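Please keep the sequence and the structure in view while reading.

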Amino acid sequence: MKFRILRVEILATDGQTYGYEIKFSEGLNIIRGDNSSGKSTFVNSLIYSLGMEEIIGSKGASSLPYALKKEFECGDRIVKVVNSIVYIEVENKNKKIVTFKRSIKSDSDDVKLINIIEGPYLSSNQNGTQFLIKPTFLHDSGSAQDPERGFFAYLEKFIGLSMPSITDNKGKETRLYLQAIFAALIVEQKRGWTDYIANIPYYGVSGVRAKVASFLLDLNVFRNANRIGELNSEKNRIISEWSELVTSIQLLVETNHFFVSGLKKTPITNFDSNLIYIGESNGLENKSLSQLRIDIFNTKNQLEEKQRENIEKEAPELLIEIEKIQNRIDELLILKNMNDTQIKVNKAQLNQYEISLESIDKDLKDNKLTKKLADFGANIANLNIAKGICGTCLQEVDDILLPPDSDSIPMTIDENIIYLDNQKKMTKSLLDGLKSNIDKSNSQLSTINSEIISLRMELISASRDIKSINSINETDIRKKIDIENKQKTILFIQEKVDKYISELAVLSKSYETVIINLSGIEKTGLTGSDWRRIKYFSDEFKNLASTFGYRSAKVDDIKIEHATMLPYLDNIELRANVAYEKEERTDIKSDSSASDFVRLIWSYLISLQKTSYELNGNHPNFILFDEPAQHSMSENSVNKLLTTICTIPGLQSIVAASFDESDDNFVASTKGLNKDNYNLIRLPKKIISKL
C-alpha cells in the first residue's frame with residue numbers, strides 16, 4: 001500500500017475551513033517540522049485515518065491532539081472547532097486508488113464509521129466527478145471479519161493480505177490482527193522506540209512480536225501451526241471415537257455374559273481384527289461366538305427332528321390363529337408404509353424450513369450490520385440497494401414484486417429487523433413442530449416394527465406347533481425358547497461387533513496417517529524455505545546494524561533466534577543493556593548506548609521489509625518513522641538511515657523529524673541525497689492553517 005495524500009479539514013466557529021494537506025511521493029518523504037509546528041499532529045492524524053490509533057494507546061478521537069477537536073491557534077487568535085474530518089488517499093499494488101474519510105469531531109458521524117470513497121477523491125479536480133461511497137465500521141464486533149461492512153476486513157483485502165489464525169492465551173482460536181502488523185510499520189515518537197516492535201495492542205496472545213515478524217516474512221510456521229493443530233484435533237477425535245467404540249463393545253459383550261480379549265483402549269496403527277476374540281467361558285473351556293452358533297444350530301436340529309418324529313394330526317384351531325396373526329401383520333405393513341411416507345414428507349419440509357431459516361438469519365444479520373452503520377452515522381440513502389441499484393452491475397433494479405402503480409411503502413431497517421426476527425421465530429416454531437412429528441413417527445415406526453417381528457416369531461412357532469403341539473413336552477419348549485433367545489443374542493452381538501470392528505479398522509488407518517503427517521513436521525514448525533528466509537533476514541539485519549554504526553556488541557556474534565524472531569547475543573535478547581567490554585560480554589545498563597538500541601530497531605524493521613520484498617513476503621512496503629534520531633543520535637547515523645531507505649526498492653518511507661530545529665543538522669543528515677530522490681515537506685510554524 002502507498003500513501004498519496006493526507007488531508008485534514010476543520011470547520012471553525014468563524015465559518016472558515018482550516019487544516020492541512022500533505023502529498024507523498026513513492027520513495028522517501030521527509031516531513032521536517034519544528035517541535036511545536038504540529039509534526040506529531042500530522043503523524044497521529046495519519047494513524048487515525050487508517051483506524052490504527054490502538055498502536056498509540058487508545059481508540060477514537062482521544063488519540064488526537066486538542067487542536068483537531070477543541071481549539072487551535074491561528075496567528076494571535078484562538079479558533080474553536082465545530083467539526084473536523086481526516087481523509088487519506090491510498091493506492092494498492094493493483095493500482096487501485098481509494099480514499100478513506102473519517103470524522104474526528106461530528107454531530108452526526110460516529111468515530112467508528114469510515115467511509116470508503118472509491119477513487120482518487122483528493123487528487124482529482126472533483127469537477128463533475130461522482131464517487132461511490134461505501135460505509136464501513138471499525139473497533140466493533142465484525143470489523144475484522146465482515147468483508148462488506150468491516151473496515152479492517154476491507155483494508156486487509158485491499159492490501160492483499162490474509163491474516164492467519166492463531167491461538168490466544170486461553171487456547172481459543174483468534175486471528176493475527178492488522179493493528180499488530182501496523183505496529184511494525186508505523187513507529188511513533190513517544191513509545192515506538194522502546195522495543196523492536198513496540199505498541200502492539202494487547203489481544204491476549206503471547207509472543208506476538210515473533211508472530212508479526214513471521215507473518216511479514218511469510219514463514220510457513222503459521223500454516224504448519226494450523227496444520228499441527230488440525231492433525232492434533234484429528235488425533236484427539238480418533239482417540240475419543242476409538243475409546244467410545246471399545247467401551248461399546250465391552251458393554252455389549254459383558255452385559256450378555258460373554259468376554260472379549262485383544263482390544264486396546266487406545267488407537268493402534270497395526271490393527272488386526274483376527275486378534276479380537278469374543279466368546280463364552282464355562283470355567284473349563286472357551287468357546288467363540290462362531291463355535292456357539294454351530295452348537296446352537298445342532299441342538300435346534302435335534303429338537304426339530306424329535307418334533308418331526310412325533311407328528312400328529314393338525315390342530316384346526318391353530319389354522320385360525322395363524323390366519324389372525326397374518327391379517328394383523330398385513331395391517332401393520334400398511335401402517336408402516338404410511339408412516340415411512342409421512343416421515344419422508346416431514347423431512348423434506350424440514351429441509352426446506354432449515355434452508356429458509358438460514359436465509360432469514362443471513363438477512364437478519366445483514367440488516368443488523370446495516371443498522372450498526374446507520375447508528376454510526378453512515379448515510380444509508382447512499383447504499384446501492386437502498387437506491388435500487390444492483391451492487392454488481394450498478395444498473396437500476398425494479399421492484400418486480402409490486403405493480404408499477406402500487407402505493408406500497410418499503411419497510412425501514414428497524415421494521416425489517418422486527419419482521420425478520422418474527423419470521424425467524426415462526427420458522428423455528430415450525431421446525432420444532434416438524435421435528436416433534438418426525439420423532440413421534442419414528443417412535444410409532446419402532447413400535448410397529450417391534451410388533452411385526454414379534455408376530456412373525458409367533459407365526460413361525462404356530463406353524464411348527466401345527467405338527468408338534470400335541471407331542472412337545474414342557475422341557476423341550478423351554479429348551480427351544482432358551483436356544484432361540486441365545487441365538488438372537490449371538491446374532492445381535494455379532495452384527496454389532498462386526499460394525500464396531502469395521503469402524504475401528506477405519507480409525508486405525510486414519511490414526512496411522514495422522515501419526516505419519518505429524519512426524520513429518522518439524523517441532524519448530526519451520527521448513528527449509530523458512531530457514532532460508534530467517535538467514536536472509538539475519539544477514540540483512542547485521543549488515544544494516546553495521547551500516548548504521550552499531551558498536552555496543554560484535555555484530556558478527558548476533559543471532560536471530562527462530563523462536564522469538566529477535567536478535568540475541570549469548571542467549572540473551574539484545575537490548576540497550578548488552579555491550580562488549582575488553583572482548584568479553586558484560587551487562588552494563590548505565591554505560592551502554594541507548595541510541596545503539598535505536599539503531600538495532602532501525603535495522604530490524606527495515607530488514608523485515610527488505611527480506612519480504614526480495615523473497616515475496618507479506619510486508620505492505622511502507623514505513624513511517626517519527627523522530628528516529630532518538631537519544632542524541634549522530635548526524636552520520638541519521639544520514640546512513642535516510643540514504644539506506646531512500647534506495648530500497650519498492651519501499652515508501654515517511655520520516656518525520658525536527659533535525660534539532662537546525663539547518664546544519666538537516667544538511668548533514670541529508671548529505672549525499674539527491675533532492676530528486678526524496679520528497680521534502682517543510683511544515684509551517686503551525687501545521688493548521690486556512691485551506
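In sorting residues by class, Ala, Val, Leu, Ile, Met, Phe, Trp, Tyr, Cys and Pro count as nonpolar, Asp, Glu, Lys and Arg count as charged, and the others, Gly among them, count as polar. With these classes in hand, and bearing in mind that the model is a predicted one, we can turn to the second largest pocket, whose lining has eight nonpolar, 10 polar and three charged residues.

This second largest pocket holds about 530 Å³ of space. Its lining is made up of 21 residues, and those that lie nearest the centre are Ser165, Ile166, Thr167, Ala225 and Asn226. Three elements, β9 (165–167), α4 (208–216) and α5 (221–255), each supply at least two residues of that lining, and α5 gives the most, with nine residues.

The next topic is the aromatic rings. In the whole structure, a search finds 22 aromatic pairs, and two of them are set out in the table below.

| Aromatic pair | Centre to centre | Angle between planes | Arrangement |
|---|---|---|---|
| Tyrosine 18 and phenylalanine 72 | 5.1 Å | 65° | edge-to-face |
| Phenylalanine 100 and phenylalanine 158 | 6.4 Å | 70° | edge-to-face |

Tyrosine 18 belongs to strand β2 (residues 17–23) and phenylalanine 72 to strand β4 (residues 71–74), so their pair ties together parts that are 54 residues apart in sequence. Buried means under 20% relative accessible area; tyrosine 18, at 0% relative accessibility, therefore counts as buried, and phenylalanine 72, at 4%, counts as buried too.

The pair of phenylalanine 100, in strand β6 (residues 97–105), and phenylalanine 158, in helix α2 (residues 151–159), links distant parts of the chain, 58 residues apart. Both phenylalanine 100 and phenylalanine 158 are buried.

Elsewhere, Phe3, Phe24, Phe42, Phe182 and Phe622 form one aromatic cluster.

How far apart are the end C-alpha atoms of helix α11? They are 31 Å apart, which agrees with the 30 Å that the 21 residues of this helix (residues 594–614) should span at 1.5 Å a residue. Helix α11 is mostly covered, since 17 of its 21 residues are buried. Just after α11, asparagine 616 takes a positive phi of about 60°.

Conventions:
Residues numbered from 1 in each chain as written. Predicted model: local features only at pLDDT ≥ 70, side-chain atom pairs only at ≥ 80, totals over all residues. Heavy atoms only, no water. Helix = DSSP H or I, 4+ residues; strand = E, 2+ residues; numbered from the N terminus. Expected span 1.5 Å × (residues − 1). Buried < 20%, exposed > 50% of the residue type's maximum accessible area, 1.4 Å probe, protein only. 1 Å grid on protein atoms, 1.4 Å probe; cavity = no way out; pocket = protein on both sides within 12 Å on 5 of 7 lines; lining within 4 Å. Points joined across faces, edges and corners; volume = space filled by probe spheres on them. Phe/Tyr/Trp six-rings, centres within 6.5 Å; stacked < 30°, edge-to-face > 60°.
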